[in-house]
Amino acid sequence: MASNLDTLVTVFGGSGFLGRSVVRALAKREYRIRVAVRRPELAGHLQPLGRVGQIHAVQANLRFPSSVEAAMRDSHVAINLVGILAESGAQTFDAVQALGAGAVAKAAATAGARMVHVSAIGADENSPARYARAKAAGEKAVFSAIPSATIMRPSVVFGPEDQFTNRFAALARMSPALPLIGGGLTRLQPAYVGDVATAVADAVDGKAKPGAIYELGGPEVLTMREIMEIILSITERKRMLISLPFGLAKLQSMFLQFAPGAMKLTPDQVELLRADNVVSDAAKAAGLTLEGLGVTPDSLEAIAPQYLWRFRAAGQFQRKSA
């Protein structure tokens, strides 16, 4: 039986939040891993995740197909994790999530490689959010080049370095009140980054159905209000939760899109919150879920305390440590 060491997996976007977990999962399964990133000199933190020589970083930018083709040379599997939450300069939704995904798929097809593409629940060519439309265009481009590709659509992903729970915990530390856009009624199904990475690695193993779209969600469907309440409970902070109508949130986002850090809010992000982000009944019925892959998902309440403790008020943390 061939060893996984004979299989070279190229991971585009492997140095990011999800990428680190995917590289770790692949390394544990003894694959050879090529991490394709814009700044390979900043990907040194991935080396300890595998054995000496198992993980190698190369330069690639999805906006330049020639660099993508070079990164795919001699690869057996391509994984595309590249995505952005907000546009900046040439890094637009269409350039990265639509055309970029297509560039990876075309390079993988040329190399005769299999492909796993990570998209997002809510990908829809008719969505009012440009992020979601670009995700849908990326899926279409992937299937056009490689009909047997496997697509993973996670709900919002949480974990130690996420831009979701950490963002709201940071806001709670600096603000006496937290906004609930649309009243906080939007339903999400937060998925733990480790579970999503396991699903991606399972697809590389050949456990996922080719040409299928999987929807990955956690064990609970929670409203934004409930998620905020969980974060406040973990960080032991009491903050007012103020309902903010979508129209007013959209107006404020025209200014907050230029804000730094946790304060940043774009008009497109407001549009995304108008729709629920949960695993569909169709995906459940077809077994195209984490559970369908044999993964028992971890809950937000079980995992988040392991890393959000650092956002607790100093006095409260000292009392607990005493």
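**Arg34 and other sites in a predicted model**

The side chain of Arg34 comes within 2.7 Å of the backbone oxygen of Ala71. The model is predicted, so local features need pLDDT of at least 70 and side-chain atom pairs count only at pLDDT 80 or more, while totals for chains, interfaces and linings use all residues. Residues are numbered from 1 along each chain as its sequence is written, and side-chain values use heavy atoms, with hydrogens and water left out.

Arg34 sits in strand S2, residues 32-37. Helices (H or I, at least four residues) and strands (E, at least two) are DSSP runs, numbered from the N terminus. The side chain of Arg34 also makes a polar contact of 3.3 Å with the side chain of Ser75. A polar contact is a pair of N or O atoms within 3.5 Å; within protein, one must be able to donate a hydrogen and the other to accept it, and residues adjacent in sequence count only if both atoms are side-chain atoms.

Arg34 is buried but has no salt bridge. Buried means under 20% relative accessible area, exposed over 50%, and partly exposed in between (1.4 Å probe, protein chains only). A salt bridge needs a side-chain nitrogen of Lys or Arg within 4 Å of a carboxyl oxygen of Asp or Glu. Lys and Arg count as positive and Asp and Glu as negative; His and the chain ends are not counted. The nearest side chain of opposite charge to Arg34 is that of Asp74, 5.4 Å away.

Asp74 lies in the loop between helix H2 (65-72) and strand S4 (77-80). Its relative accessibility is 62%, so Asp74 counts as exposed. Asp74 is not a glycine, yet has a positive phi of about 65 degrees. Most residues other than glycine have a negative phi. Glu30, also not a glycine, has a positive phi of about 70 degrees. Glu30 is in the loop between helix H1 (17-28) and S2. With a relative accessible area of 37%, Glu30 is partly exposed.

Another site is Asn166, in helix H5 (residues 165-174). Asn166 has a relative accessible area of 9% and is therefore buried. Its side chain reaches the backbone oxygen of Pro160 at 3.1 Å. Leaving out residues up to four places away in sequence, Asn166 is in contact (heavy atoms within 4.5 Å) with residues including Gly159, Tyr307 and Phe311.
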